[in-house]
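Subject: The structure we talked about

Hi,

Here is the structure for you to open on your side. Have a look first, and then read on for what turned up in it.

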Amino acid sequence: MSYTPTLDNVIECARMAGETAMKYFRHKDRMNVENKLNDSDIVTTADKESEAVVKNYVKTHFPTHAILSEESGETDGAGGYRWVIDPIDGTTNFFSGIPLWSVSIGVEHNGERVIGVVFMPATGELFYASKGHGAFLNGRPIHASAQDKLSRSVISTGFPVDKGDNPDNNLDNFAAIMPRVRDIRRLGSSTVDICYTAAGFLDGYWELNLHEWDVNAASLIAEEAGAIFTRFRPDRGISVVCAPPAIHEQLMALISQKPGK
């Protein structure tokens, strides 16, 4: 048995999890939904079953590997490998019947991201990268946008699940950036935002208060596509800016580095 996962292994696993999730997509009657932190933060039957598919795959093929997953936390492992899983990123989109959601699987070795796969089953888009070998969408190389003018850029963002209770909710950054760009999108899935930035569909993305499973796979894809991925505001979860170099610099100049400022 090999203890070194390949890109093909991770793609196979993501496709299997996506197939499981698709059994529930646009079928609310087939699944239960529960709140986690509040009404903005939900988990469904599909999230749990998709996660189980990935975890069972890892335990079967790579039993010594550690796993960090959104719904069940972290398990220890040996040999330096860790799989970072978001079984459905964009659960609100998924539950609402909006196709912008994904299965996200990243693999680390000794703390370094080495494989990233983001599969969007409802649209058929498969983004993937391995360290040092570029980024791809459905077999074709992808590259971040060549845009260097913020005023011509389409940027995406999102808002934290505690947006109703915590005034440090990204509205200050939204107000600072909106007048200076062509437009802003709110896609509802950080993995989709980052991968669409990697592919040049978006010219940049920022968000506050994410988690490792939200960004692990997609950030490798973005960097391999030539985007800059920066984590800032360590006091607010994982807060990120992702954009091609020129736009990244301009966004960073506008985004607050202090709580609610």
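In which strand does Asp183 lie? Asp183 belongs to strand β12, which covers residues 183-185. Before going further, a word on the ground rules: this is a predicted model, in which local features need pLDDT of at least 70 and side-chain atom pairs count only at pLDDT 80 or more, while totals for chains, interfaces and linings use all residues. Residues are numbered from 1 along each chain as its sequence is written, and side-chain values use heavy atoms, with hydrogens and water left out. Helices (H or I, at least four residues) and strands (E, at least two) are DSSP runs, numbered from the N terminus.

Back to Asp183. Its relative accessible area is 26%, so Asp183 is partly exposed. (Buried means under 20% relative accessible area, exposed over 50%, and partly exposed in between, with a 1.4 Å probe and protein chains only.) Neighbours within four places in sequence aside, Asp183 is in contact with Ser153, Val154, Ile155 and Met178, where contact means heavy atoms within 4.5 Å. The C-alpha atoms of Asp183 and Ile155 are separated by 6.5 Å, although the two residues are 28 apart along the chain.

Now the chain as a whole. Its secondary structure comes to seven helices and 15 strands. For 261 residues, a compact globule would have a radius of gyration near 18 Å, and the chain agrees with its 18 Å. That radius is taken over C-alpha atoms, and the globule rule is 2.2 Å times the number of residues to the power 0.38. Along the principal axes, the C-alpha atoms fill a box of roughly 55 × 40 × 30 Å. Of the 261 residues, 55% are buried. Taking contacts between residues at least 6 apart in sequence, 62% join residues at least 24 apart.

Is Ser145 buried or exposed? Ser145 counts as buried because its relative accessibility is 15%. Its side chain makes a polar contact of 2.7 Å with the side chain of Asp203, and a polar atom of that Ser145 side chain lies 2.9 Å from the backbone nitrogen of Gln147. Apart from neighbours within four places in sequence, Ser145 is in contact with Thr197, Gly200, Leu202, Asp203 and Pro244.

Gly200, another partner of Ser145, follows α5 and has a positive phi near 85°.

Two further residues also have a positive phi. Most residues other than glycine have a negative phi. Asn110 has a phi near 50° and lies in the loop between β6 (102-109) and β7 (112-120). Arg233 also has a phi near 50°, and its place is the loop between β14 (228-232) and β15 (238-243). Asn110 is exposed, with a relative accessible area of 61%, whereas Arg233 is buried at 3%.

Arg26 lies in the loop between α1 (7-22) and β1 (33-35) and is exposed, with a relative accessible area of 56%. Which residues does Arg26 contact, leaving aside its neighbours within four places in sequence? They are Gly97 and Pro99, and the backbone oxygen of Gly97 lies 2.8 Å from a polar atom of the Arg26 side chain. Glu212, in helix α6 (residues 212-224), counts as buried at 16% relative accessibility. The side chains of Glu212 and Asn216 are joined by a polar contact of 2.8 Å. Beyond neighbours within four places in sequence, the contacts of Glu212 include Leu68, Arg82 and Glu108.

Best wishes

Definitions and conventions: A polar contact is a pair of N or O atoms within 3.5 Å; within protein, one must be able to donate a hydrogen and the other to accept it, and residues adjacent in sequence count only if both atoms are side-chain atoms.
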